[in-house]
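Here is a short walk through one protein chain. Keep the model open and follow along.

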Amino acid sequence: SAVLHSTPEKTMNAVTYTGKTIDIDAARMLMDDELCEAIHGTVETEQEFMDAYAAAHGEKYGTEFVFA
């Protein structure tokens, strides 16, 4: 039987944000914990989480979430 080898790269939890592919795990380190907690459990995918977070961040702070 063939053995499948995983690729050496770390698997990125990639989402699209402002037209770019980003690692949501890295982005979460910069996110507002209260907003994350409010969204947790209300979405099914990482992309839905990112979209919901961006909207909530804009509502709370009046600015776009910046991830660089």
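In which helix does His57 lie? His57 sits in helix α3, which covers residues 46-61. Helices here are DSSP runs of H or I with at least four residues, strands are runs of E with at least two, and both are numbered from the N terminus.

A word on the source. This is a predicted model, in which local features need pLDDT of at least 70, side-chain atom pairs count only at pLDDT 80 or more, and totals for chains, interfaces and linings use all residues. Residues are numbered from 1 along each chain as its sequence is written, and side-chain values use heavy atoms, with hydrogens and water left out.

Now the overall layout. The chain has 3 helices and 2 strands. Along the sequence they run β-β-α-α-α. The chain has 68 residues, and 25% of them count as buried. Buried means under 20% relative accessible area, exposed means over 50%, and partly exposed lies in between (1.4 Å probe, protein chains only).

Back to helix α3. Its 16 residues should span 22 Å at 1.5 Å a residue, and its end C-alpha atoms are 22 Å apart, which agrees. The expected span is 1.5 Å times one less than the number of residues. Five names matter next: Phe49, Met50, Tyr53, Ala56 and His57 are buried in α3. Seen down the helix axis, the buried residues of α3 fall within an arc of 135°, so they line one face of the helix. That arc is taken from the directions from the helix axis to the C-beta atoms. What do these buried residues pack against? They pack against β1 (14-17), β2 (20-23), α1 (24-28) and α2 (33-39).

Look at two of them. His57 counts as buried because its relative accessibility is 11%. Leaving aside neighbours within four places in sequence, His57 is in contact (heavy atoms within 4.5 Å) with Leu35, Gly62, Thr63, Glu64 and Phe65.

Finally, the core. The largest nonpolar core has 14 residues. Such a core is a set of buried Ala, Val, Leu, Ile, Met, Phe, Trp, Tyr and Cys residues joined through side-chain atoms within 4.5 Å. Ile22, Met31, Phe49, Met50, Tyr53 and Phe65 have the most contacts inside this core. β1, α1, α2 and α3 each give two or more residues to it. Helix α3 gives the most, with 4 residues.
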